[in-house]
Amino acid sequence: MHISQIKIKKAVLKLFVLLVLISGSTTIFAQGFLHAEGNRIVDGNGENVILRGIGTGNWMVMEGYMMKTEGVAGTQHEFKAKLEALIGEEKTNAFFDTWLQNQFTKTDVDSMKVWGFNSVRVAMHYNLFTLPIEEEPIAGKNTWLLKGFKMIDNLLDWCADNEMYLILDLHAAPGGQGANADISDYDPSKPSLWESEANKAKTVALWRKLAERYSNSQWIGGYDLINETNWTFSEPDNQPLRDLLERITTAIREVDTNHIVFIEGNSFANDHSGLTPPWDDNFVYSFHKYWSGTSTNDLDWIIALRDEYNVPLWLGESGENSNTWFTELITSCEQNNIGWSWWPVKKNGINNVLFVPMSNRYQNLVRYLKGEISTTPSALEANQAVLEWAKNQKIENNRVQRDVIDAMIRQPHTDDVIPYVDRKVGEPVYFTEYDLGKNGFAYYDKVAAYYGGDYTAWNTGWELRNDGVDIEKCLDTEAVNNGYNVGWTEQGEWMKYTIKADSTALYTFNLRYASGASGGMKFHLEANGARVSEDFSVPSSDGWQNWKTASFQNVLLPAGNIQLKFVIDQGESNLSYFEFTDPKSAKDLDFEALSAHTATQNSDIFLVVNKAITSDEETLNISDFQIKVDGKSVGVDSVGLDASNSNTIVLSIDQSIRSDQLITISYSGTSVNAEGQNLESFIDLPVENNAPLTHAIPGKIEAEAFELNRGLSLENCTDQGGGQNTSYTAPGEYLDYRVNVTRTGIYQLNYRVATEYSDAELVLQAGDGESFSSLDTIRFESTGGWQNWETQTTSVRLEAGYYFIRLLIKQGEHNLNWFQLDLLTSAPEIEAAESFRIYPNPANRKLTVEFLEYHYNPVTLQVFNMRGSAVKTIQLESGSRATIDVTGLLQGVYVLRLVDSNKTINKQFLVTH
């Protein structure tokens, strides 16, 4: 900083101090800084601020997983000791100096600003600012080290130049604040922060020193006092943590009344018990979030804290997941006015803003430390290895991962898709360079994030990009490639690519692929939402890296910017690149139908043809078309052109379309033409049915297979069969399922449930999607845990037909994996059942069976529990009445079955005691 700048800053400071003295309060002074105002964080002008930041990660505090030495040198002091044993203390210190110079620089901050971030959370190690207590020349006194303070001075200047807020995070406190040593560089052989008054005093003194130095710096966003405490205290309610945080706050306020104090809880920041109510006016509760749900409901627990105490929230640390997870969580945070800071800015991984390459030398050093190779590297080799690792930390040597940035900054605010790279028709298009955007918009992959439970990688190959698309290194040596290929493809998955074409033309489509699947792969192409190819297929290439090129003729591409969609219809294949070659005039192609599909929410049918239609909409003739549903012709209400796709005809029929129906379309006429060519006639072209899923009843329905979800979260399920279960239920939330009940009758209703409570009630309703009637309510018994699964049973009468079933949360919490409806008694049996009655119902000790007419023939009476097991059997030779003792039966629902020579009748009854 220049002397003239220092003088100006001092003059400004004197002016502020004068204003404070005149006002007799520090309030005016504090308003010039980022501060808490009610439950918001606001800037000096009182404008709401959503912090969008990244933590510096490995810069000042090395963590084993980012150094790739987890398991053998998880902490910084362990890594340093192992390095000293190989290269000596002098070279080790030189390496650490080089590391601190390279790992985070002004260029990193400048870049973060350009990318759209507005804050930096710097993870600090106390040993850059002061000596450990055991090394102090005079016990109880603090030796201050200039190195750490100068690093923060420089970082603050970089942030100020970019008008970005800097939040100071004590990531490694004196002695270490957590039993998870890797995070805080805790050494179990020495007193921890919580076991040493000297360490606590040093922590308080360090914060006072920092606050004194930066009290007047407006680009300091605040002080994150202690990162991720994870310690079991003997005192209740985190009392030692609260005591220390209050001591630190008091020390800070002695010299700095301007800046926010950010308060993290125990248990990796999220246990705030005992840390309420707030003890300061400029106060924010911070929480961390990893590997869990991303909806607003998943934030309810922390939002409740904000609402109760009227203080702001800050997601001080999150990340280490997929782009989909990033976008979803940031969307939920910002919709609830919660700022965030991701972790970390860079490492050797796909899910960070910056990718750090790792040299062969450093990889071998890590393998040696982990015992994977036995040859000890020489001091020269080890020193070169770590210096290469330090050199690669410089942003100039990093790979900027634009997909991660886009997922964090742009995608939370839009569904729009943008190009990953600019491509023209005729150039190779690498499959890994699909467009930037959300899952379901730029691409579709069945596994796109990790929400907890059994771990599943979203990118199975763990290369290049952080989306759900699976990518690995490509070993093709005979054709052009970018070093990577898409792999682990599945039916229904797809990717989009933006390509520019100068004119409409027919092309040859060349595909570079490798497949070890016995049946190869089938796929088709779409352009701007319209199908432009027939179904194509490639055979197995006898190996996942045995590459071949397949060519397909007569793919019609329109002029202009094209969003090309590559859709996998069947099978598996690795995909390297594609290209369009040999353009020809579209006039050389016969005018034919390509495909047909239904809409997702109405009765429209879209007929896709291979050329742009030039017929006027008014001249299209309904009588030229015939549509069949389940083999029967149905009326066509209207026919028109799709305004967004010139090669698509839209037809509406006079009935609703269900997902379990088979639909075909035929054409014979002359009303559809393209530049003078008539559309070729066709008969019974299958229509892809995209109607919402209709579940057949009787049958089993997975909880996550809903059509509409109002408020429930999903998580990975550990029950047999896996999948997902619903969770975090709250009264008034519900799930809707479209069903086809094939027979009117009484159904046994089984719920696969897990809950720690015994007050959870669920209502089953039926309706048309607008209005619903309640049919049954069940109260779930505790299963002893949120992943301890049991089947709990009730019964309900359902009418035949198509309609919606709604599962409405009445009270309590439960997790649901699936529910199943099995027919017990059909409608004809119900009518027959009117020939006798049973009472009392519910029954306590005895159940009476009374026939409306005297029975002269033998009758068998059986009682079945809801698992289908017979628990009582009575033979009645003749008579008009029988009595059944139910005192030995457990409480619950039972079915009485009457069997005679002519019929079988079932009646349901309830036993209570």
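Predicted model: local features only at pLDDT ≥ 70, side-chain atom pairs only at ≥ 80, totals over all residues.
A pair of aromatic rings is described by the distance of the centres and the angle of the planes. The count of aromatic pairs in the model comes to 45. One of these brings together Tyr186 and Trp231, whose ring centres are 5.7 Å apart and whose planes stand at 80 degrees, so the arrangement is edge-to-face. Tyr186 belongs to the loop between α8 (181–184) and α9 (197–214), while Trp231 sits in the loop between β6 (220–224) and α10 (239–255), so their contact ties together parts that are 45 residues apart in sequence. Both Tyr186 and Trp231 are buried.

A second pair joins these two loops. The rings of Trp194 and Phe233 have centres 5.1 Å apart and planes at 90 degrees, so this pair is also edge-to-face. Trp194 is found in the loop between α8 and α9, and Phe233 in the loop between β6 and α10, so the parts tied together here are 39 residues apart in sequence. With a relative accessible area of 10%, Trp194 counts as buried because the limit for that class is under 20%. Phe233 is buried as well, its relative accessible area being 14%.

Elsewhere in the chain, ring pairs build up a cluster. Its members are Phe431, Tyr497, Tyr507, Phe509, Phe523, Phe536, Phe552, Phe566, Phe578 and Phe580.

Charged side chains provide another set of contacts. Side chains of opposite charge can pair when their charged atoms come close. For this model the count comes to 38 salt bridges. In one of them, Lys473 pairs with Glu463, and the closest N and O atoms are 3.4 Å apart. Lys473 is part of strand β17 (residues 471–473), whereas Glu463 lies in the loop between β16 (443–444) and β17, so the bridge ties together parts that are ten residues apart in sequence.

The salt bridge between Arg465 and Asp467 has its closest N and O atoms 3.5 Å apart. Arg465 is buried, with a relative accessible area of 0%, and Asp467 is buried at 4%.

A further bridge connects the side chains of Glu761 and Lys810, at 3.7 Å from N to O. This pair links distant parts of the chain, with Glu761 in strand β44 (residues 760–767) and Lys810 in strand β47 (residues 801–811), 49 residues apart. The two ends fall into separate accessibility classes: Glu761, at 11% relative accessibility, counts as buried, whereas Lys810 is partly exposed, with a relative accessible area of 48%. Salt bridges with shared partners also join Arg121, Asp169, Asp224, Glu264 and Glu317 into one network.

The backbone holds some features worth a look. Most residues other than glycine have a negative phi, and most peptide bonds are trans. A cis peptide bond joins Trp343 and Pro344, with omega at about -25 degrees. Pro344 lies in the loop between β10 (339–343) and β11 (346–347). Another cis peptide bond connects Ile697 to Pro698, and here omega is about 10 degrees. The place of Pro698 is the loop between β37 (694–697) and β38 (699–702).

Phe268 has a phi near 60 degrees and lies in the loop between β7 (261–264) and β8 (283–289). A relative accessible area of 34% makes Phe268 partly exposed. Asp684 has a positive phi of about 50 degrees, but its setting is a strand, β36 (residues 682–686). Asp684 is partly exposed, also with a relative accessible area of 34%.

Finally, the surface carries a patch of negative charge. Glu534, Asp590, Glu592 and Glu680 form this patch. Asp590 comes from the loop between β26 (574–584) and β27 (593–598). With a relative accessible area of 45%, Asp590 is partly exposed, and it qualifies for the patch because membership asks for over 30% and no salt bridge.

Conventions:
Residues numbered from 1 in each chain as written. Heavy atoms only, no water. Patch = residues over 30% accessible without salt bridge, like charges linked within 9 Å, V, L, I, M, F, W, Y side chains within 5 Å. Areas by Shrake-Rupley, 256 points an atom, 1.4 Å probe, with all protein chains shown as cover. Salt bridge = Lys/Arg side-chain N within 4 Å of Asp/Glu carboxyl O. Lys, Arg positive; Asp, Glu negative; His and termini not counted. Charge placed at Lys NZ, Arg CZ, Asp CG, Glu CD. Helix = DSSP H or I, 4+ residues; strand = E, 2+ residues; numbered from the N terminus. Buried < 20%, exposed > 50% of the residue type's maximum accessible area, 1.4 Å probe, protein only. Phe/Tyr/Trp six-rings, centres within 6.5 Å; stacked < 30°, edge-to-face > 60°.
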